[in-house]
Amino acid sequence: MAFAGFGTSQLRYDMFDLERSAAEAKRLAKCENIYHRSQVLAWDGKDVLGELLAKHGGVHVPEDKRRALERVFTIILWGELAAWKISAQLADRLVPLEAKMAATSQAFDEARHFYVMHDYLTALGFKPGRLDRAPQALLDLVLDTDDLAAKLMGMQLMIETIALSLFQAVREREVEPVLTELLRYYERDEARHVGLGMQYLPSLLAGMSRGQHMRLVTYQIRILYWGLTELRLVQDDFITLGVDPRQVIENVRKKQLAALGAAYEACGIPFDRDRNWAAMSLNAAVEMLFPVTRRAPLGTRARAAWAAFWHRNQPGSLDVFAPHQHAIRTARDVIATPDG
Ligand SMILES: [Fe+2]
Ligand SMILES: [Fe+2]
């Protein structure tokens with residue numbers, strides 16, 4: 001509490017005195033780079049959406065797919081607002097300069113995602129309403145936690161990977177031409193946001209006790225529960241859009257394992273040291289809720305779930321993020337290539 005210049009200030013004068021190892025310094029340099037990349041790759045939402053609408057003569061989609069798009073992208077719209085608020089919370093609370101810069105640039109990106117998605121849904125002739133309970137519960141879990149490691153893991157490594165997988169699936173099915181092109185822009189930004197989680201989470205994990213690690217895994221399981229419930233809620237909409245829900249889940253799983261694996265390995269903790277109960281539960285839940293054969297009997301699902309539960313998880317390659325590096329036209333009117 002501060003009063004008249006006395007007491008504890010919210011200004012962290014010690015922010016430049018924090019000790020960092022060589023490996024942490026390297027990761028923080030990558031966080032700083034996320035901020036600068038965000039500036040170079042910023043795109044003008046008004047311009048891009050306006051051009052796409054003009055190019056395709058507005059939004060054209062059959063009625064049944066329109067309804068499905070509305071339901072799925074209502075979740076995305078409010079998810080973008082949540083991402084905006086969560087990245088702003090992180091920008092305020094992360095102490096090291098470079099991590100603070102990366103979170104601030106994400107807040108800037110998410111503001112653009114939110115208003116552009118709102119404008120797109122308006123062009124679709126849709127006024128978004130309240131969320132269903134599952135997506136609301138998922139977003140509230142991350143919005144409301146005061147634990148920075150949980151917030152960073154929940155947002156940057158778990159919700160972002162769900163969004164990326166969903167965007168990729170809808171884009172690949174070419175459901176609606178304006179959206180297909182627009183999602184390339186979103187994916188390029190969201191993949192960068194996963195980077196903040198991978199680079200800074202290790203700093204928070206490193207100082208945690210075994211008990212704190214277990215609490216984080218419990219939190220992870222709660223996120224996965226609501227994430228899977230949310231995906232189940234819209235699975236018929238996915239099918240209407242020509243998207244295979246199981247394929248989306250598989251994609252989410254690969255991305256989460258790769259991102260979480262990289263974060264754990266960076267602080268010297270083998271990802272599966274204590275058998276990761278969250279990853280094990282996710283494997284089992286996928287077999288129960290999204291079986292390979294859609295109407296598989298309960299016994300078949302249970303057997304597949306049991307086998308999946310005990311399957312040893314491998315973190316996997318970060319190449320799963322490569323498909324999101326699209327060429328985009330930036331606000332500086334430059335075409336940024338996948339490597340540029
Ligand atoms: Fe976003
Ligand atoms: Fe994001």
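Predicted model: local features only at pLDDT ≥ 70, side-chain atom pairs only at ≥ 80, totals over all residues.
Residues are numbered from 1 along each chain as its sequence is written, and chains are lettered from A and ligands numbered from 1 in the order in which they are written. Local features need pLDDT of at least 70, side-chain atom pairs count only at pLDDT 80 or more, and totals for chains, interfaces and linings use all residues.

**Exercise 1. Find how many helices and strands the protein has, and test its radius of gyration against the globule rule.**

Step 1. There are twelve helices and four strands. Helices (H or I, at least four residues) and strands (E, at least two) are DSSP runs, numbered from the N terminus.

Step 2. The radius of gyration, taken over C-alpha atoms, is 20 Å. The globule rule (2.2 Å times the number of residues to the power 0.38) gives 20 Å for 340 residues, so the protein is as compact as a globular protein of that length.

Step 3. Of the 340 residues, 41% count as buried. Buried requires 20 or more other C-beta atoms within 10 Å of the residue's own; exposed means 12 or fewer, partly exposed in between, with C-beta atoms placed from the backbone.

**Exercise 2. Check the length of helix α1 and locate its buried face.**

Step 1. Helix α1 covers residues 22-40, 19 residues in total. The expected span is 1.5 Å times one less than the number of residues. That gives 27 Å, and the end C-alpha atoms are 27 Å apart, which agrees.

Step 2. Arg27, Leu28, Cys31, Ile34, Tyr35 and Ser38 are buried in α1. Seen down the axis, they fall within an arc of 105°, so they line one face. The arc is that of the directions from the helix axis to the C-beta atoms.

Step 3. An α-helix has 3.6 residues a turn, so residues three or four places apart point the same way.

Step 4. Exposed residues on the face turned away include Ala22, Lys26 and His36. The cover over the buried residues includes α4 (97-123), α7 and α10 (245-266).

**Exercise 3. Where does Glu174 lie, and is it buried or exposed?**

Step 1. Glu174 sits in the loop between α6 (148-172) and α7 (177-206).

Step 2. Glu174 counts as exposed because it has 11 C-beta neighbours inside 10 Å.

Step 3. Phi of Glu174 is near 50°, a positive value. Most residues other than glycine have a negative phi.

Methods: Contact = placed C-beta atoms within 7 Å.
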